[in-house]
Structure formats: C-alpha cells, structure tokens
Amino acid sequence: MTPCKGCKKPIEWGLESGTSKKHPLDPRPPVYRILDRMTDGTVMVERDEYAMVTHFATCREAKQFSKGGRNAAAKASRNRTSRQADSP
Ligand SMILES: [Zn+2]
C-alpha cells in the first residue's frame, strides 16, 4: 500500500475494470452491502470485505487534489449532459 500524498494515510490504488481509471481507495472504513429493505425502513446488511470507499470521501487533504473531488466530477457530468443535448 502506498501513502496518500496529502494526509499520508495508506491507500490502495484500484484499476476500474472496463474504464481502466485509477481510483485511490480507503481500505479502512467498513463497507456494508444492502441485502434487503424491511417494511419499517431498516435494511439488512452484510459486511463487504471486497468493497472499498474512494479515498476522496475520507481524505482531509482532498481539496489539494484540484483535478479530483466533487466539483470536477460535477463539471464532467455537466459537460457530458451538454454534449448529449447538442448531438442530433
Ligand atoms: Zn489522503
């Protein structure tokens, strides 16, 4: 595991299958998979050892990675939307 350049916490680099995009992942926070939703609003879950959270969600230095973060993702999403609108 390599340390994050911002907060120095260990991160795992994940290569997304299909897109081959590299994502910094946080191996520490437990991730739960929803199995079922009850009528009273609670959900049945199980711990998913094979799922990780993006490190951008937990890194206290995430703002220093200017290309990443929610703003960049939002802009990219807006650009995709406008391109779709322009196409015939
Ligand atoms: Zn970090």
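1. Helices (H or I, at least four residues) and strands (E, at least two) are DSSP runs, numbered from the N terminus, and two strands pair if DSSP finds at least two bridges between them. The structure discussed here is a predicted model, in which local features need pLDDT of at least 70 and side-chain atom pairs count only at pLDDT 80 or more, while totals for chains, interfaces and linings use all residues. Residues are numbered from 1 along each chain as its sequence is written.

2. On the overall layout, the secondary structure of the chain amounts to one helix and six strands, and along the sequence these follow the pattern β-β-β-β-β-β-α. Of the 88 residues in the chain, 5% are buried, where buried denotes a residue with 20 or more other C-beta atoms within 10 Å of its own, exposed denotes 12 or fewer, and partly exposed lies in between, with C-beta atoms placed from the backbone. Two residues are in contact if their C-beta atoms, placed from the backbone, lie within 7 Å; among the contacts in the chain with a separation of 6 or more, 36% join residues 24 or more positions apart.

3. Strands E4 and E5 form it with five residues between them, and Gly-41, in the turn, has a positive phi of about 100 degrees. E4 (residues 32–37) pairs with E5 in the antiparallel sense over five bridges, and Arg-33 has Glu-46 in E5 as its bridge partner.

4. Strands of a sheet pair through backbone hydrogen bonds, either parallel or antiparallel. E1 and strand E2 (residues 10–15) pair in the antiparallel sense over two bridges.

5. Thr-2 lies in strand E1, and its bridge partner in E2 is Ile-11. Leaving aside neighbours within four places in sequence, Thr-2 is in contact with Ile-11 and Trp-13; the C-alpha atoms of Thr-2 and Trp-13 are 8.2 Å apart, with a separation of 11 residues in sequence. Thr-2 counts as exposed because it has 9 C-beta neighbours inside 10 Å.

6. Most residues other than glycine have a negative phi, and most peptide bonds are trans. Lys-8, which is found in the loop between E1 and E2, has a positive phi of about 70 degrees although it is not a glycine, and Lys-8 counts as exposed because it has 9 C-beta neighbours inside 10 Å. Ser-20, in the loop between E2 and strand E3 (22–26), is also not a glycine and has a positive phi of about 60 degrees; with 7 C-beta neighbours inside 10 Å, Ser-20 counts as exposed.
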